[in-house]
Amino acid sequence: MVLYKFNIIFASEISYTFLMNGLSEQEVIKHRKIYGANVLSPQKKRSFLDILFTNFNDPILKILLFATAINLCFIFYTHNVMETFGILISVFIAVLVSTLSEMGSESAFAKLSLLTSEMRSRVRRGGKTIEILSSDIVVGDIVLLNAGDKVPADGVLINGTISVDQSILNGESYETAKTENEKVYSGTVVVAGAGSARINSIGDSTEYGKIARALNAQPPISPLKVKLSKLAKTISLIGYIGAFIAGISYLVVQPTINFQTILSVATLIISVIVMAVPEGLPMMIVVVLSSNMRAMMKDNLLVRKLNAVETAGSLNILFTDKTGTITEGKMRVIATHFVEDERELLAALIINNETENGVGGNLTDRCLFNYVTEKMEGLINQVSQSAKKKITPFSSKTKYMATEMQNGDIYYKGALDVLMPEIKFNSNNRIICVKKNDKLLGLVEIKDPIRKEARQSVRELHSAHIQVVMLTGDSRETAVTIAKEADILQNGIVLTSDELSKMSDAEIKRILPNLRVVARAFPTDKSRLVKLAQELNLVVGMTGDGVNDAPALKLADIGFAMGTGTEVAKSAGDIVITDDDIKSITKAVAFGRTLFESIRKFLVFKLTINFIAMAICIVAPLIGVQSPITVIQMLYINLVMDTLAGLAFGGEKPIKEYMKQSPKVRDENLITKEMWTKIIWGSFLGIGICLWFLTSSYIKHIINDDLSFATVFFSFFMFFNILNAFNARTERVNLFAGITKNMAFLIIMALIFIAQIFIIYDGGEIFRTSAIPLRYLFLSIVLSFMIIPADMLRKIIIKK
């Protein structure tokens, strides 16, 4: 047989013999060699090392690695082995946990993607009908299509008439009728009729595959990374200035300057730079993001990328699909209006229907069949299907379906304005007219109802100051009705795709804050709106389930893919919503906002510690105090106050009050003026008490030996920071507000306190401590408690 040029081959060009026989085995082998298999080229899977090296590209980690590299150059002179390798271990753990979390998420996603490759199709080969894996289909195959089948590749219908759901490609919720010589597309679903299609494009060459291949654009930089980059620059500047001052202050008090002096200054400068950096922040963020990923799985959210959690909390605008997200994705009968006999109307709905035993038929057919089954189950068995003579399937062109019976009666169902144009019936639902011959039997109202939680979820998003815009392939009238019912459209602008396409980018940006609905939306509309919103510096979210949604999902700052959606959409998304419910998006926002606030609280807590320690290092040499805090003590403080305290702050459960706040701007500073007030207040108080303690003749009179003096100072410093953690955790005067929802915080702080007591009495030479009397221990605790009333005063002043 001659090998065809596989563009579009019309039915008239194909012989009846070929149609009956299909490809021979030799032709299948030949075509597979030429055109390949019917599979999409797999996305390049990131290896463990790829993810690992990517995670090193963190602005805070870069500062730490730079400082550590300098430290390593002097390690043989300074002997700061524990400090240097302690930082390296902290960095490695942060990167490793992040990498393992993303690898685990990718593995969970891979399991979600198995079903596609196992789909089977019926084809004609060698004169026989056989069932094969869809991946084994080749160009030129004749595929048999019936209601319920998924089209395995692009082709041309060569016989029969079918109705196809093409929503994964065009986003439209209604079926499209296909007759001979019309194209059918991979991934679309046959909902009614039967026919045969000749395959002319497979795998990557299909429309489905072309969209999948186009998803290679780099995703936008996450808002958290933008904020961390700005924070890194600020902290670097503070660290370098502090290090320079510390170096000068040390040199000023030295009687002579030699190589050893220079070496000591270099060590001090490096120590101050390292002190300025909250090295536990990357680990804290990673560990909290990872734990949130597991918690979010229980709320039907599969997080594929760690930063997606925080990005959800920064959301400014959400472009959402309608079907299955706002609505249930299932047509339901809302009301029936019969003229004479309800039983006759219901019988007509079964007769003029292509659904049999709940299988086949389009969405409308299945909806009506299920309604009659629930309403009058016995009626179905009484209706004779064998009495049918001819069926005219529903077509989007004719807008009706007809069934001719053996006795000459003809039943119709379809659009009211087509079948009975003289009748006017006002309704927000879709109206189906049912008649027998020229006699009206009744009207049926059907709709795809909104989800029970949709309205409340939209309200929660609005109260969180997140703009919700519905993009749908439906008509303006249908879109407006659903948007009003879901509270998306209270007031605002409604556009169609045609209207949108006529507007310039500048015009769209001007009206974007008031945009609520785009009807008859195309994939290009979605991508354009996402891009323009990002140009306005907004953090953009996008929901979607179809192939047509994938480019916009990839382009958005955070893509929410539906769990029942296509594999291409799920590959492009950052979070997969396994229950397809918009309510899950509100949960993601709550998780993200709580995480962001936890990061800010930790920064206030840790930077206060760092600035106090840095100031002591600068001032201590000037007042004649050598090493008030040893390298080992500083390493221990960094360990427990970075890692463990980070976990304590990160244990906060989603807090509702954060959903009332306005979203954070993409490039907003991570540390606000209010936070700097807290840090400066706590730092000055801590520095003042520390310097008073180190220089006080009263304290030296009470504590008359140097080792006990150093032990009490170290203990005070630790207890001060433990108590300040309670201050940083909440802005309320009541430090225990909501503490029971984060028991990890109490447990971790209690463990740090117990560990400190143990170190005091058993730390010995390693920690430079001694078994001090209880009155000394009591003194250190009392002094540390000064931070509590001091910060309460700050909170009261700010509130007033």
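The model is predicted. The protein chain contains 33 helices and 21 strands. Of its 800 residues, 55% are buried. Among contacts with a separation of 6 or more, 71% are made by residues 24 or more positions apart.

**Packing of helix 25 with helix 29**

- Two packed helices are described by the angle between their axes and the distance between the axes.
- Helix 25 spans residues 582-619 and helix 29 spans residues 706-729; the two pack at an angle of about 155 degrees, and their axes are 8 Å apart.
- Because an angle over 145 degrees counts as roughly antiparallel, helix 25 is roughly antiparallel to helix 29.
- The crossing of these two helices, helix 25 and helix 29, is right-handed.
- On the side of helix 25, the residues that meet helix 29 are K601, V604, F605, T608, I609, I612, A613 and I616.
- On the side of helix 29, the residues in this contact are F713, F717, F720, N721, N724, A725, A728 and R729.
- By class, the contact of helix 25 with helix 29 comprises 11 nonpolar, three polar and two charged residues.

**Packing of helix 10 with helix 25**

- Helix 10, residues 223-252, also packs with helix 25, at an angle of about 10 degrees and with the axes 10 Å apart.
- Since angles under 35 degrees count as roughly parallel, helix 10 is roughly parallel to helix 25.
- Helix 10 contributes L224, K227, L231, I235, I238, G242, I245, A246 and S249 to the contact with helix 25.
- These residues of helix 10 meet F596, I599, L603, L607, F611, M614 and I618 in helix 25.
- The contact of helix 10 with helix 25 holds 13 nonpolar residues, two polar residues and one charged residue.

**Aromatic pairs and a cluster**

- A pair of aromatic rings is described by the distance of the centres and the angle of the planes.
- The count of aromatic pairs comes to 15.
- One of these pairs is formed by F693 and F716, which are stacked, with 6.4 Å centre to centre and 5 degrees between the planes.
- F693 lies in helix 27 (residues 673-695) and F716 in helix 29, so this pair ties together parts that are 23 residues apart in sequence.
- Both F693 and F716 are buried.
- F726 and F745 form an edge-to-face pair, with 5.1 Å centre to centre and 90 degrees between the planes.
- This second pair links distant parts of the chain, with F726 in helix 29 and F745 in helix 30 (residues 743-762), 19 residues apart.
- F726 is buried because its relative accessible area is 10%, a value judged against the cut-off of under 20%.
- F745 is likewise buried, with a relative accessible area of 0%.
- F726 and F745 belong to one aromatic cluster that also includes F602, F605, F649 and F736.
- F605 of this cluster is also among the residues of helix 25 that meet helix 29.

- S497 is found in helix 20, which covers residues 497-501.
- With a relative accessible area of 5%, S497 is buried.
- Apart from neighbours within four places in sequence, S497 is in contact with V518, A519, R520, A521, F522 and D525.
- I142 lies in strand 3, which covers residues 142-146.
- I142 counts as buried, as its relative accessibility is 0%.
- The C-alpha atom of I142 is separated by 9.7 Å from that of V156, 14 residues apart along the chain.

**Loop residues with positive phi**

- Most residues other than glycine have a negative phi.
- H465 has a phi near 65 degrees, a positive value in a residue other than glycine.
- The position of H465 is in the loop between helix 18 (454-463) and strand 16 (467-471).
- N537, at 28% relative accessibility, counts as partly exposed.

Conventions
Residues numbered from 1 in each chain as written. Predicted model: local features only at pLDDT ≥ 70, side-chain atom pairs only at ≥ 80, totals over all residues. Heavy atoms only, no water. Axes fitted to C-alpha atoms, helices over the stretch in contact; angles between N-to-C directions. Helix = DSSP H or I, 4+ residues; strand = E, 2+ residues; numbered from the N terminus. Parallel < 35°, antiparallel > 145°, perpendicular 65-115°, else oblique. Left-handed = near helix turned anticlockwise from the far one by under 90°. Contact = heavy atoms within 4.5 Å. Nonpolar A, V, L, I, M, F, W, Y, C, P; charged D, E, K, R; others polar. Buried < 20%, exposed > 50% of the residue type's maximum accessible area, 1.4 Å probe, protein only. Phe/Tyr/Trp six-rings, centres within 6.5 Å; stacked < 30°, edge-to-face > 60°.
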